[in-house]
2 protein chains.
Amino acid sequence: MNHSSAEAEPETIEPLRYLKGDAAAIETELLRDYKFGQQQLIELWGQASAVAITKAYPLSALSKKQPTVLVICGPDQNGSIGLVCARHLRIFDYEPTIYHPKRSSHSLHQDFTIQCEKMDIPSLSYLPTEQVQLINDAYNLVIDAMLGLEADSSNIKEPYSGILVTLKQIKIPIVSVDVPSWDAEEPSQDGINPEVLISLMAPKKCALNFSGKHFLAGRFLPYDIQKKYELNLPDYAGTDCLLEL
Amino acid sequence: MNHSSAEAEPETIEPLRYLKGDAAAIETELLRDYKFGQQQLIELWGQASAVAITKAYPLSALSKKQPTVLVICGPDQNGSIGLVCARHLRIFDYEPTIYHPKRSSHSLHQDFTIQCEKMDIPSLSYLPTEQVQLINDAYNLVIDAMLGLEADSSNIKEPYSGILVTLKQIKIPIVSVDVPSWDAEEPSQDGINPEVLISLMAPKKCALNFSGKHFLAGRFLPYDIQKKYELNLPDYAGTDCLLEL
């Protein structure tokens, strides 16, 4: 139960809000006014993403003998979340492999990378784009942590445009972190087709017609922010860090 | 299941290790070699501590009408963990109040303080030490996040020495974070007597004869560290961030 609602007037239940440009504004406010740190937010988001993946694909339900997962990480924050997610998946006894084609020069991103390396999480030096079957055979699923809200879907550059072409051909399920690597505002016909979407903080506009399994993760948003942006988040149960929408 | 053990020789189960000076060495190694950040570790520890408190004292089992909790935060890392714990307790619908007599000048500690203030978590300006009954009446429990491993129990200074005298007189349960605010190596006869202890990463020597409810929290330690320090941690279940010892 949201505490602030307990004191409010009897209320009609407002629908969950799907964010457009506001997602960036919320994040700015969290960092600037609420004094959250990027490292802290990325850790919470990556951890919750890993928990969501264990819910959608429990170890016992994986089709392959080894609990392998390919985590494709982009150069920015979405990629950092993917790195944290991979590390927690490893703690949860999955066998993540990272594909991380462009390393960021941001020290936080580099630290998250080293944390994965020091956990002996392997990293691919290239993705076998010509032989999609290799990916289907090697992994149970692919985590798309490539491009976040900041990406411009009409102008996705290499290597990500090539990876997206590959992801459109693979047969194993795709899990997208926050936004599928397509446009955050309008779902694209050309985009990849994830089976699972993990929305962070609040769902984004592009997820309005998403028909797969949809999780909301990142249960830490201050009530004032939830109110200001009229997020109308559903209640999380117990101490769960995520819920299924 | 610990993944590395799957490949190891058939093994006898070694007893869980209770750390002496090694706790500080592990933390140094995590920060220096594994490139974890303090903000990240404190967030994980504080979050797991809050979850442990919900297990030991579920909302439905609290004796008072309001789910009030007093969180006493020290000036250093243990206090920062207490601040994060209070914030997550608020998210879990408890009503924490912070008592934080000495603010640190460390910017990380200040940021964690602001995060609590911005969540409208009240803060006491003084603790009614002369009227212990006021504390018994106002709160369901007290979280002791005052002094960590770095504290020298033979030389605890004001205001903490006075607070400890008060805590020895209260009737409501005490939950200690990482180490009760007594010596980490030898349990002290003069110390406070927590009902619950939340050991972070690994239990400390002082907890060897602890007879209350004992949680181990902070499930993120790289396997190489666990091995190097021969921690022999028990297996956490599922995606649980803690276990009861």
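Student: How many cavities of 30 Å³ or more does the structure hold?

Tutor: On a 1 Å grid over the protein atoms alone, a cavity is a set of points where a 1.4 Å probe fits but cannot get out, and its lining residues have an atom within 4 Å of a point. Grid points are joined across faces, edges and corners, and a volume is the space filled by probe spheres set on the points. The structure holds two cavities of 30 Å³ or more. This is a predicted model, in which local features need pLDDT of at least 70 and side-chain atom pairs count only at pLDDT 80 or more, whereas totals for chains, interfaces and linings use all residues. Residues are numbered from 1 along each chain as its sequence is written, chains are lettered from A and ligands numbered from 1 in the order in which they are written, and side-chain values use heavy atoms, with hydrogens and water left out.

Student: Which residues line the second largest cavity?

Tutor: The second largest cavity contains about 40 Å³ of space. Its lining consists of Ile98(B), His100(B), Arg103(B), Thr113(B), Cys116(B), Glu117(B), Ile121(B) and Ser123(B). Helix H5 (residues 107-117) of chain B gives the largest share of this lining, three residues. Helices (H or I, at least four residues) and strands (E, at least two) are DSSP runs, numbered from the N terminus. By class, the lining has three nonpolar, three polar and two charged residues. Here Ala, Val, Leu, Ile, Met, Phe, Trp, Tyr, Cys and Pro count as nonpolar, Asp, Glu, Lys and Arg as charged, and the others, Gly among them, as polar.

Student: How are two packed helices described?

Tutor: They are described by the angle between their axes and the distance between the axes. Axes are lines fitted to C-alpha atoms, for helices over the stretch in contact, and angles run from 0 to 180 degrees between N-to-C directions. In chain A, helix H4 (residues 77-91) and helix H5 (residues 107-117) pack at about 20°, with axes 9 Å apart. H4(A) and H5(A) are therefore roughly parallel to each other. Angles under 35 degrees count as roughly parallel, over 145 as roughly antiparallel, 65 to 115 as roughly perpendicular and the rest as oblique.

Student: What is the handedness of the crossing in which H4(A) passes H5(A)?

Tutor: A crossing is left-handed if the near helix is turned anticlockwise from the far one by less than a right angle, and right-handed if clockwise. H4(A) passes H5(A) in a left-handed crossing. Contact means heavy atoms within 4.5 Å. Residues of H4(A) including Leu83(A) and Val84(A) meet residues of H5(A), among them Phe112(A) and Cys116(A). This contact has five nonpolar, five polar and one charged residues.

Student: At what angle do helix H3 (residues 38-56) of chain A and H4(A) pack?

Tutor: The angle is about 55°, and the axes of H3(A) and H4(A) are 7 Å apart. The two helices are therefore oblique to each other, and their crossing is right-handed. Among the contact residues are Trp45(A) of H3(A) and His88(A) of H4(A). The contact divides into eight nonpolar, eight polar and two charged residues.

Student: What is the angle between helix H3 (residues 38-56) and helix H4 (residues 77-91) in chain B?

Tutor: H3(B) and H4(B) pack at about 55°, with their axes 7 Å apart. The crossing of H3(B) and H4(B) is right-handed.

Student: Where does a cis peptide bond join Glu158(A) to another residue?

Tutor: The cis bond joins Glu158(A) and Pro159(A), with omega about 0°. Pro159(A) lies in the loop between strand E4 (141-145) and helix H7 (160-169) of chain A. In chain B, the peptide bond from Glu158(B) to Pro159(B) is cis, with omega near 5°.

Conventions:
1 Å grid on protein atoms, 1.4 Å probe; cavity = no way out; pocket = protein on both sides within 12 Å on 5 of 7 lines; lining within 4 Å.
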